[in-house]
Amino acid sequence: MNKLKRDRQFRPLPVPSVELHGLFGDRQDAICSSTAETLLDRCVAAGMLRAIDTSQPGPGVVIPIQPWGGTTQMFWDSDLGKSIETVAYSLYRRPNPQLEARVDDIIGMYEKLQDKDGYLNAWFQRVQPGRRWANLRDHHELYCAGHLIEGAVAYYQATGKRKLLDIMCRYADYVIKVFGHGEGQIPGYCGHEEIELALVRLARVTGEKKYLDLAKYFIDERGAEPHFFTEEAIRDGRDPANFIQSTYEYNQAHEPVRQQKKVVGHAVRAMYLYSGMADIATEYNDDTLTAALETLWDDLTTKQMYITGGIGPAASNEGFTDYYDLPNESAYAETCASVGLVFWASRMLGRGPDRRYADIMEQALYNGAMAGISLDGRTFFYENPLESAGKHHRWIWHHCPCCPPNIARLLSSIGSYMYAVADDEIAVHLYGESRARFEIAGSKITLAQETRYPWDGAIHFNIEMEKPAHFAVSLRIPEWADGAAIKVNGEALDLSSVMLDGYARIERDWKSGDHVNLDIPLAARSLFANPLVRQDAGRAALMRGPLVYCVEATDNGSGLNGIRLSADASKATTAEIAELRGAVALDLPVTRDETDWGNMLYRTSPPQAREATARFVPYPFWDNRAPGEMLVWVRAGGSSGE
């Protein structure tokens, strides 16, 4: 069975095949109502459209060149690509002719901008035309191409319009000619991974294996000796040792990918690389890549990941530092990094359902990623700390606006992360009110989820199908879900008899009208960090289902570090918060230290404690009401002075 499982290929359902309601539907409504248009408006305000509009002079250098020799303006094509992708997904849910027309205009500009050979990059065509392919290590050319490819694929699938897809196929065909080990070719790869996973998407939509082969080439070349980045720098007259991070670990190019055992460097780059590796492992049934990824997965999730699924604690490299170094207030935990972790986890499921990936996908999605966008879809987080003294708030825009369209494109396409299908199996990775349409064994099937998850753990599945068929329905049973139970057509199922890698695999002859009831208990639970995480010593965090909870000053007043848990988490009561779209809060008995010490900074007696009740709210919804302090890790147990 295990070998059979590893040899099958699971692919996510297309975005339009999943109709969403509930929490994810609400998030998608916000994107349709405000985020998609907001992204285009703010790209225009930043000057991005003028940068690609050949009918008028280019804007020149809008964001100054930095000491590393580049500027975030170089990445503008990627921001437009992700924004186009977001608009594409939003059109499935809510047609918007005006928004679609704006994207068509942008695509028309790119068509006019594209060189005859297929090259397309606003910065290197209009600002530094002599620097094409001169500094792949730092300047993001292939990264920008990757995001435009992903936008092109999504827009073609959403609208049937091929113009941008054809533009990007011409560019990809040109890249195939430019890169490789043939005479006159560049034996290199991008310093910021992204094109690898984009090429897989392009191959899947076009049926052209040459794009898969190019993605595999970029992955296989990374970190090989003689080192491309060193030789490139020498050819370009640069000192190979003199660059901003001074180590190839920064872009995961320090050794060949199959030899890498520790997650290092820039967090987003790492996640995009591993996503591309996982795609290629699935497409080529490459066990060597899968083995490397499994090692890297364990390294990340057991030593370097926040409880929120946030990753990359340091601002200095936007990435990883030492094992168990997880500061809370200064946590970088970039939204894009958690989005990337969701990408990677989803792709690790390509060779079969396994909850060690899906559980983390859910944790990162709900917490580290979804926190990055406000409930109204108009403001954003770049960094996602787990503690705030009250000065960390969402912003309207950023000089490096990679996160807004990234979290928007993820949430607007989240249906494809919920379900994956193989020849004889449908896997349900994530739960939420939805209807999924797919085909197995020649039968068209609709699988409908009725649930209020993640607020309630009762999940009802209805099956509608053209004709009976034999296949498996695999339902993830989260590791934290003590006491989960399943009934098929009203009859209880012995979970232990059908569990495989954390999924209940129900294989049988299905017919229209069959139904499954899954009950996942959502009891509040306390979690404690490994003692090596010094920042969380003596503290606990609360979770309920997949959600991390935090305390905010708007519910509890200031001085949140004076709160100490005094009761078992199971004693928490729940309440809905109308102003947070019906989110479920947890109210729990605590003790609170006095905060009025007069004008004394220190004294000989400890603070006095009083009994109180603290309200905990879902972490992804914090900073959506009155601004103020926030805290995830609360002092645990005992009373003051003990």
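A salt bridge is a side-chain nitrogen of Lys or Arg within 4 Å of a carboxyl oxygen of Asp or Glu. The close-ups below come from a predicted model, in which local features need pLDDT of at least 70 and side-chain atom pairs count only at pLDDT 80 or more, while totals for chains, interfaces and linings use all residues. Residues are numbered from 1 along each chain as its sequence is written, and side-chain values use heavy atoms, with hydrogens and water left out.

**View 1. Lys82 is a buried lysine without a salt bridge.** Look for Lys82 in helix H4, residues 76–93; helices (H or I, at least four residues) and strands (E, at least two) are DSSP runs, numbered from the N terminus. Buried means under 20% relative accessible area, exposed over 50%, and partly exposed in between (1.4 Å probe, protein chains only). For charge, Lys and Arg count as positive and Asp and Glu as negative, whereas His and the chain ends are not counted. The nearest side chain of opposite charge to Lys82 is Asp79, 4.3 Å away. Setting aside residues up to four places away in sequence, Lys82 touches Tyr143, His147, Cys402, Pro405, Asn406 and Arg409, where contact means heavy atoms within 4.5 Å.

**View 2. Arg11 and Glu283 meet in a salt bridge.** Their closest N and O atoms are 3.1 Å apart. Arg11 lies in strand E1 (residues 11–12) and Glu283 in helix H12 (residues 267–284), so this pair ties together parts that are 272 residues apart in sequence. Glu283 is buried, at 18% relative accessible area, but Arg11 is partly exposed, at 30%. Salt bridges with shared partners join Arg11, Arg204, Asp279, Glu283 and Arg347 into one network.

View 3. Lys209 is partly exposed at 47% relative accessibility, and Asp213 is partly exposed at 33%.

**View 4. Trp297 and Tyr357 make an aromatic pair.** Rings of Phe, Tyr and Trp (its six-membered ring) pair if their centres lie within 6.5 Å; planes under 30 degrees apart count as stacked, over 60 as edge-to-face and the rest as tilted. The centres of these two rings are 4.9 Å apart and their planes stand at 80°, so the pair is edge-to-face. Trp297 sits in helix H13 and Tyr357 in helix H15, 60 residues apart, so to speak a link between distant parts of the chain. Both partners are buried: Trp297 has a relative accessible area of 1%, and Tyr357 has 3%. Helix H15 (residues 355–369) has 13 of its 15 residues buried, so the rest of the structure largely encloses this helix.

**View 5. Tyr324 is a buried residue in a loop.** Find the loop between helix H13 (287–303) and helix H14 (335–348). The relative accessible area of Tyr324 is 16%, which is why Tyr324 counts as buried. Beyond its neighbours within four places in sequence, Tyr324 is in contact with Thr302, Lys303, Asn530, Leu532, Val533, Arg534 and Gln535.

**View 6. Lys262 lies over the face of Tyr323.** The distance to the ring centre is 4.6 Å. A charge sits over a ring if NZ of Lys or CZ of Arg is within 6 Å of the ring centre and within 35 degrees of the ring normal. Arg508 likewise lies over the face of Trp510, at 5.0 Å from the ring centre.
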